[in-house]
2 protein chains.
Amino acid sequence: MLPLRGAMRDTRAMSTPVHPLDAATQLEPLGSGQYHGHTSPNYANMVGPFGGVIAATLLNATLLHSGRQGDPIALTVNYAGPLADGEFAVEASPVRTNRSTQHWQLVMKQDEQVAATASAVYASRRATWSALETRFPDVPAAQKLQAEPNVERAPWTRSYEMRFVEGALRLSSAERQAGDSRSTLWIRDAPPRPLDFVSLVAICDAFFPRLFVRRPVWAPVGTVSFTTYFHADAPLLAAVGEAPVLGTARAQQFRNGYFDQAAEVWSEGGALLATSHQIVYYRQ
Amino acid sequence: MLPLRGAMRDTRAMSTPVHPLDAATQLEPLGSGQYHGHTSPNYANMVGPFGGVIAATLLNATLLHSGRQGDPIALTVNYAGPLADGEFAVEASPVRTNRSTQHWQLVMKQDEQVAATASAVYASRRATWSALETRFPDVPAAQKLQAEPNVERAPWTRSYEMRFVEGALRLSSAERQAGDSRSTLWIRDAPPRPLDFVSLVAICDAFFPRLFVRRPVWAPVGTVSFTTYFHADAPLLAAVGEAPVLGTARAQQFRNGYFDQAAEVWSEGGALLATSHQIVYYRQ
């Protein structure tokens, strides 16, 4: 007899094929907020998995939890150490549930070592006075731009279709510098997949390290802390469907081994879906 | 015989007076990363303490810890529930220590209820290629601007000297709207206190909720998640001393009960000391 996990996977595969992102972020619930997961070659980075898929997997642990209330509002992931390709454990604990908000703490472990920690805030939202203050960038439509070739060093880029408006990755050995670190691009999952919180948070980390745009020479880099604020609720994400979203990212400062980057992700229709921030280690 | 805690306080008071911020963020170490603290009326908000002083107290728990390595790079605080005026407990756990980074998880409790959770990343920094990308705002010198009167509803504002360039709090009952939510101001502790990580993180939360600038009608608001990235190391903060710093904050979107705000804090000399982000609940 097949073990339960294998059996569940097979049944699902027979009806609709599992999207590679769903396979990569799939978690087997072991009860009491404990999960078992496995990295995927489709989202591999140079060392271990793409950070965005680690964040998406951690978020998924809260989404799958029977006790969760509402939609995610905020997620912070701290990348504590390298995650090797292979199996890992996730623990998700709802540490406080209020009337309209719920607070989570998460840990991802591999061989009993902490690989990542995270916190998430969920909320039940309702319609209020609303206003968009930042502006949708002035960009050509996605279909007017060429899809960017994948980056050999970063296999996870095969899992995205990226069409750059500005700031594509152009690494070289020359000591030239760009005027700024901004990238603006249309991006969606490859193959296409309806947008949800899991894919949105991975996209929020799909901007290359800003260092490589500003100073396009290869260097060791690694995100240490990553935060995403979800402005969209589930119906707004569902309305995006498989359409590409517009992302823009820039650094504010590179200083003594760390730089920050700030990103916005927009729907084609001009809705600001998420704002995201990270601080990244670099060596030069 | 006086209990040890009282005795330590008395000795300290006899030599140099304790700054109100140090009194408010003071923690009594109980061993194994456990601390005991007490709220301060100098940093009271409408309900419980000013969120910035909660963040500063949590950061202080890592700064006081005998096992800490390096300087803070990132701090995220999730405000899980109201903290009543009075005593509280803090637990700080170094969950992973690498060669150049250290990851922390923190919990603040009151009556066994989680009031806040936090994560911090510390790092040992060294000089690298560096570049500032965002620009110091075009502002008049601090001494050319009037100090803003305190806000009656928010007693903690007495503990800051704020000189607004734009976007001061002007609440009214009229249904008018400002063009944007930006505030730019010179700010320092009152009484003056040399800048360090503790005071810097509190200042990062000293920008009023952007909702009140954009739509200046009183409403219930509360930060749910707050992240600060420290671009400055200890020597750069020490060089600022008691001089005011320049802060600027704006929202990107107000939508269905939540808005974000992004802030920068600069030295008079034009060094970007910290960038900070938060997502805030509002009811309308």
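Predicted model: local features only at pLDDT ≥ 70, side-chain atom pairs only at ≥ 80, totals over all residues.
Figure 1. On the side of chain B that touches chain A, β6(B) gives the most, with eight residues. The residues of this side of chain B comprise 28 nonpolar, 27 polar and 14 charged ones. Four salt bridges are counted between chain B and chain A.

**Figure 2. The extent of the interface.** The size of an interface is often given as the accessible area lost when the parts come together. Chain B and chain A bury about 6000 Å² between them, and 48% of this area is on carbon and sulfur atoms. B:R96, B:W129 and B:E133 supply 14% of the area that chain B buries against chain A, which is more than any other three residues. In terms of contacts, 69 residues of chain B touch 70 residues of chain A.

**Figure 3. The relation between the two copies.** The same surface serves both copies, since 100% of the contact residues of chain B recur in chain A.

Figure 4. The side chains of B:R214 and A:E133 meet in a salt bridge, with N to O at 3.0 Å. B:R214 belongs to helix α5 (residues 210-214) of chain B and A:E133 to the loop between β7 (131-132) and β8 (160-166) of chain A, so the pair joins two chains. B:R214 is buried, at a relative accessible area of 11%, and A:E133 is buried as well, at 17%. Another salt bridge is formed by the side chains of B:E133 and A:R214, with N to O at 2.9 Å.

**Figure 5. Salt bridges within a chain.** The structure holds 14 salt bridges over all chains. In one of these, the closest N and O atoms of A:R188 and A:E161 are 3.4 Å apart. A:R188 lies in strand β9 of chain A and A:E161 in strand β8 of chain A, so the pair ties together parts that are 27 residues apart in sequence. A:R188 is partly exposed, at 24% relative accessibility, and A:E161 is partly exposed at 21%. In chain B, the side chains of B:R170 and B:E148 meet in a salt bridge of 2.6 Å, N to O. This pair links distant parts of the chain, 22 residues apart: B:R170 is in the loop between β8 (160-166) and β9 of chain B, and B:E148 is in the loop between β7 (131-132) and β8 of chain B. A:D22, A:R193 and A:D196 are linked in a network of salt bridges.

**Figure 6. Backbone geometry in loops.** Most residues other than glycine have a negative phi, and most peptide bonds are trans. A cis peptide bond, with omega about -5°, joins A:A190 and A:P191. A:P191 is placed in the loop between β9 (183-189) and α4 (197-204) of chain A. In chain B, the peptide bond from B:A190 to B:P191 is cis, with omega near -5°. A:N256, in the loop between β12 (253-255) and β13 (258-266) of chain A, has a positive phi near 45°. A:N256 is buried, with a relative accessible area of 14%. B:D111, in the loop between β5 (101-110) and β6 (113-123) of chain B, has a positive phi of about 55°. B:D111 is exposed, with a relative accessible area of 75%.

Terms used: Residues numbered from 1 in each chain as written. Chains lettered and ligands numbered in written order. Heavy atoms only, no water. Contact = heavy atoms within 4.5 Å. Helix = DSSP H or I, 4+ residues; strand = E, 2+ residues; numbered from the N terminus. Buried < 20%, exposed > 50% of the residue type's maximum accessible area, 1.4 Å probe, protein only. Buried area = accessible area lost by both parts, 1.4 Å probe. Nonpolar A, V, L, I, M, F, W, Y, C, P; charged D, E, K, R; others polar.
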